[in-house]
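Hi there,

Here is the structure I promised to pass on. Have a look at it first, and then read on for what turned up.

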Amino acid sequence: MMELKKIFLATKKVLRPLSVWSVLAILLTSSCQQEFEKTIPDKMHNDSVDVTYGKPKVLYIIADGIRGQSIQAIEVPNINGLLNHAIYSWVSLADEQATQPGTNWASLFTGVAKEKHGVIDNDFSTNNFDTYPLIYERIKQADSTTNIRVFTTSSVFKDNLTTDTDESQLVADDDAVKSAVVTALQAENVGFITAHFSNPDKVGSAVGYDVSKPAYREALVTFDAAVGDMLNALKERPTYQEENWLIVVTSSIGGEYPLSENDNTVFSNPVANTFTIFSASRYNRRFVSKPFIGNRFQGDFARFQGQRHAVLEMGDNTVYNLDTGAFTIELKVKKNKAIKNIYPSVLGKRPEWSSGWASNGWVVFLENDYWMFNARGTGNGNQVKGGTLADASWSSVAVVGVVRDGERFVRTYTNGAFNTEASIQGWGNLDTNAPLKIGYINGNGHGEPDVYVADVRIWKAALPDDVIARYACEIGVDENHPYYDYLAGYWPVANDTDGTVRDEGPFGNHLTMTSDDFSYDRLNEYLCAPTTADLGSQVPRTFDVPTQIYTWLKISRQENWQLDGRTWLDQ
């Protein structure tokens, strides 16, 4: 190790600076941070609301077929008038796979996702409402005197979602819904009103769900006017000043319309794009925007598909043995299709990648929606799980071998975040004479990859957590990196279209493409984008609404309810 470090120090001065990559990364990071506003960190979340006056009541307004980004784009004075005292978002999310509103109706009234409530599109025959009851049943259990009224234009809605109510009406159209709500608000004892509107969805399905279509724009304006009439009726209640109303206005589902920009995340699915407003006089204004989804990573990248690979044929392969000491392996990966237990190799150094892990060495491979590190040495072998990889965008992967108190461990990281640690003390020496490869490693029992790989870095040191986190989503390596002297190899694997993958580390160990049939593709994708599940948790979703309502009504939520939703705060 000491001899290798001396070589690093001696060659430090001749390393070519990666100025183009560094500048590009800085510019891209800056532009993306300006484009998207991050949401308030989770540490500020609190599931309690301090209601200090008035018996809490709810006006729950649901519209089918309103894309949040459409209603945001036009003048809707009544809806906008709620925002000064509201928690709201124009990029809230419906179920990404739903094509009809029924799935989301069920979520809006149970507080759980379809995997629990069982409603698929508008088919309620497989509902699981016995286990995950509608919100009305929970409210009645907490206070049987709560007067609940529902008005809808949909027989499917009325037949399946209005049990445990004091009044439920199927009316002719959206105007009749509005009129029924205005009348209901004149009743002194009313405590919970649901108004379900369907006309925006009917119009959108006919002409397109975008305000560039005059009929759709008019449908949204008409809906806003109906909201205004209902709010006026609410404020005209003789006891309104002594009451404590939560006004929820949301859409159950968006609608199909081609978008000019696609970021390959759930936020580019117009059917899942909804809007959500939680408004109350005691709320401060909080806007929940589209979350930060990563930096842009662009260039010409080799597609490692099938048995294509790049191999170190002429350089010193021993540098990339993992022996019995510390090491770090980092790389960026973009997978091109779903992986289903075929275990394709991405990067490794072993004679073969076969079932039973027959040969010594190491490999990074993919499995299902995550990645794994596998190695075998003179003692034994096994594998350590990494994290989930986002679809259609770049993810940063890191494997760190660290020695603590004489025991050796492997730690895995995805996009700079720690995943798993496992002891590998019994694996022995991991050295092998096999060459370093990117992409396919020959063998049997494991599938062929279809990935892009870039920004590969191998270090003869265990990079600590803070260094991994700081540099995971940056592109390139320069002399300012705190572990620069321990860099054993750096391959950008970008913009090399002549059959060579250049090593810009201290040894110049260039890799050779195995054939001339490589596909080089110009990509401009996100780097370190959160997964769909992580992204979704950063904005309101349909199943969050019941949780918000329970909190408002001061109904203690039980753990055995298994709610998927969360409470949103105005701070």
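Helices (H or I, at least four residues) and strands (E, at least two) are DSSP runs, numbered from the N terminus.

A word on the source before the rest. This is a predicted model, in which local features need pLDDT of at least 70 and side-chain atom pairs count only at pLDDT 80 or more, while totals for chains, interfaces and linings use all residues. Residues are numbered from 1 along each chain as its sequence is written, and side-chain values use heavy atoms, with hydrogens and water left out.

**The chain as a whole**

The protein chain has 14 helices and 24 strands. Its C-alpha trace spans about 85 × 50 × 40 Å along the principal axes. Of the 571 residues, 57% are buried (buried means under 20% relative accessible area, exposed over 50%, partly exposed in between, with a 1.4 Å probe and protein chains only). The chain exposes about 23100 Å², and carbon and sulfur atoms supply 46% of that area (areas come from the Shrake-Rupley method with a 1.4 Å probe; for residues, only the protein chains shown count as cover).

Contact here means heavy atoms within 4.5 Å. Among contacts between residues at least 6 apart in sequence, 71% join residues at least 24 apart.

As for charge, the chain carries 51 positive and 70 negative charges, and their mean positions are 4 Å apart. Lys and Arg count as positive and Asp and Glu as negative, while His and the chain ends are not counted; the place of a charge is taken as NZ of Lys, CZ of Arg, CG of Asp or CD of Glu.

Helix 5 (residues 102-110) is mostly covered, with nine of its nine residues buried. Among them are Trp-105, Leu-108 and Phe-109, but also Asn-104 and Ser-107. After helix 5 comes Gly-111, with a positive phi near 80°.

Helix 10 (residues 199-207) has Pro-200, Asp-201, Val-203 and Gly-204 as its buried residues. These cover an arc of only 165° around the axis, so they lie on the same side of helix 10 (the arc is that of the directions from the helix axis to the C-beta atoms). As a reminder, an α-helix has 3.6 residues a turn, so residues three or four places apart point the same way. The buried residues of helix 10 pack against strand 1 (56-64), helix 9 (174-184) and helix 11 (214-235). On the other side of helix 10, Lys-202, Ser-205 and Ala-206 are exposed. Gly-208 follows helix 10, and its phi is positive, near 115°.

**Salt bridges**

Searching the whole structure gives 20 salt bridges, each one a side-chain nitrogen of Lys or Arg within 4 Å of a carboxyl oxygen of Asp or Glu.

In one of them, the side chains of Asp-95 and Lys-114 meet at 2.8 Å, N to O. This pair links distant parts of the chain: Asp-95 is in the loop between strand 2 (86-93) and helix 5, Lys-114 is in helix 6 (residues 114-117), and they are 19 residues apart. Both Asp-95 and Lys-114 are buried.

Arg-237 and Glu-243 also form a salt bridge, at 2.8 Å, N to O. Arg-237 is buried, and so is Glu-243.

Glu-421 and Arg-404 make a further salt bridge, again at 2.8 Å, N to O. Glu-421 lies in strand 18 (residues 417-423) and Arg-404 in strand 16 (residues 395-404), so the pair ties together parts that are 17 residues apart in sequence. Glu-421 is partly exposed, with a relative accessible area of 29%, and Arg-404 is partly exposed at 35%. Elsewhere, salt bridges that share partners join Glu-330, Lys-332, Asp-455 and Arg-457 into one network.

**Two single residues**

Back to Trp-561: at 9% relative accessibility, Trp-561 counts as buried. Leaving aside residues up to four places away in sequence, Trp-561 touches Tyr-132, Arg-138, Tyr-550, Ile-555 and Ser-556. The C-alpha atoms of Trp-561 and Thr-432, 129 residues apart along the chain, are separated by 54 Å.

Glu-115 sits in helix 6 and, at 63% relative accessibility, counts as exposed. Its C-alpha atom is separated by 43 Å from that of Gly-377, 262 residues apart along the chain.

Best wishes
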